[in-house]
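I set out to record how the first elements of this chain are arranged. The entries below follow the order in which I looked things up.

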Amino acid sequence: MLQQILFYLFSALVVAAGAMVITIRNPVYAALSLVVAFFASAGLWMMLEAEFLAIALVLVYVGAVMVLFLFVVMMLDINIAVLREGFARYVPIAVVFAVLMMVSITLVVGPKHFGLDQVAAPVAAAADYNNTRALGRALFSQYVIPFEAAAVVLLVAIIAAIALTLRGTRQTKAPKPELQVQVQRNDRLRIIKMEAEKP
């Protein structure tokens, strides 16, 4: 009975916080609502005995990513009025995509494929069960190729971000050490002999 109450409580928090993320007007409050959704999702993962994933969600997303989001949102000082301009033009397109998403979700998570009669309750693990060890074995045995492919994609994304950040522009005045070390004395200094003049 307690597990069902906690499940419905965390689920309601996830749904409510997710709705607030996309409907609230202040971007700072939207980011804080996303933090609440992450905490509620971590609670659901704890109930599924996925402690490592729950802790990783709190530490990585709430502790690092969302803090970065908040700093970026507050430092950019986003003009809400400019963002709302032309919003009504995209409402029909948004409605079409929303209907398509709801249909796809209904087909995947529907009464034919999901429910207590379709999915059995997970078997409770023993007290000495190590979730991290099981996750590591699954990643490096059954899902090793997708895991390595994701690592390569992230590496390419990091390199692309660095390349976009460090690309030279016409306005830059940054010194170039590779050119500075090649400078000769005659390139910088010229001695001119002048005749003495009487005042």
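Is the crossing of H1 and H2 left-handed or right-handed? I found that H1 and H2 cross in a left-handed manner; a crossing is left-handed if the near helix is turned anticlockwise from the far one by less than a right angle, and right-handed if clockwise.

**Basis of the entries.** I worked from a predicted model, in which local features need pLDDT of at least 70 and side-chain atom pairs count only at pLDDT 80 or more, while totals for chains, interfaces and linings use all residues. I number residues from 1 along each chain as its sequence is written, and side-chain values use heavy atoms, with hydrogens and water left out.

**Entry 1: the chain.** I looked up the secondary structure and noted 9 helices and 0 strands. Helices (H or I, at least four residues) and strands (E, at least two) are DSSP runs, numbered from the N terminus. Of the 199 residues in the chain, buried ones make up 11%. Buried means under 20% relative accessible area, exposed over 50%, and partly exposed in between (1.4 Å probe, protein chains only). Among contacts with a separation of 6 or more, 58% come from residues 24 or more positions apart; contact means heavy atoms within 4.5 Å.

**Entry 2: the pair H1 and H2.** I then examined helix H1 (residues 2-23) and helix H2 (residues 27-47), whose axes come within 8 Å and cross at roughly 155°. H1 is therefore roughly antiparallel to H2. Axes are lines fitted to C-alpha atoms, for helices over the stretch in contact, and angles run from 0 to 180 degrees between N-to-C directions. Angles under 35 degrees count as roughly parallel, over 145 as roughly antiparallel, 65 to 115 as roughly perpendicular and the rest as oblique.

The residues that make this contact include Leu6, Phe7, Phe10 and Val14 of H1, and Ala30, Ser33, Leu34 and Ala37 of H2. By class, the contact residues divide into 15 nonpolar, 5 polar and no charged. Ala, Val, Leu, Ile, Met, Phe, Trp, Tyr, Cys and Pro count as nonpolar, Asp, Glu, Lys and Arg as charged, and the others, Gly among them, as polar.

**Entry 3: H2.** H2 has 21 residues and spans 31 Å from its first C-alpha to its last, close to the 30 Å expected at 1.5 Å a residue; the expected span is 1.5 Å times one less than the number of residues. Its buried residues include Val35, Phe38 and Leu44. I also checked Ser33 of H2, which counts as buried at 5% relative accessibility. Neighbours within four places in sequence aside, Ser33 is in contact with Ala17, Met20 and Val21.

Entry 4: Tyr8, in helix H1, is exposed, with a relative accessible area of 57%. Tyr8 and Leu44 are 36 residues apart in sequence, and their C-alpha atoms are 9.5 Å apart in space. Met74 lies in helix H3 and counts as exposed at 52% relative accessibility. From Met74 to Pro27 I noted 47 residues in sequence and 8.8 Å in space, C-alpha to C-alpha.

Entry 5: Most residues other than glycine have a negative phi. Glu49 sits in the loop between H2 and helix H3 (51-76), and at 29% relative accessibility Glu49 counts as partly exposed.
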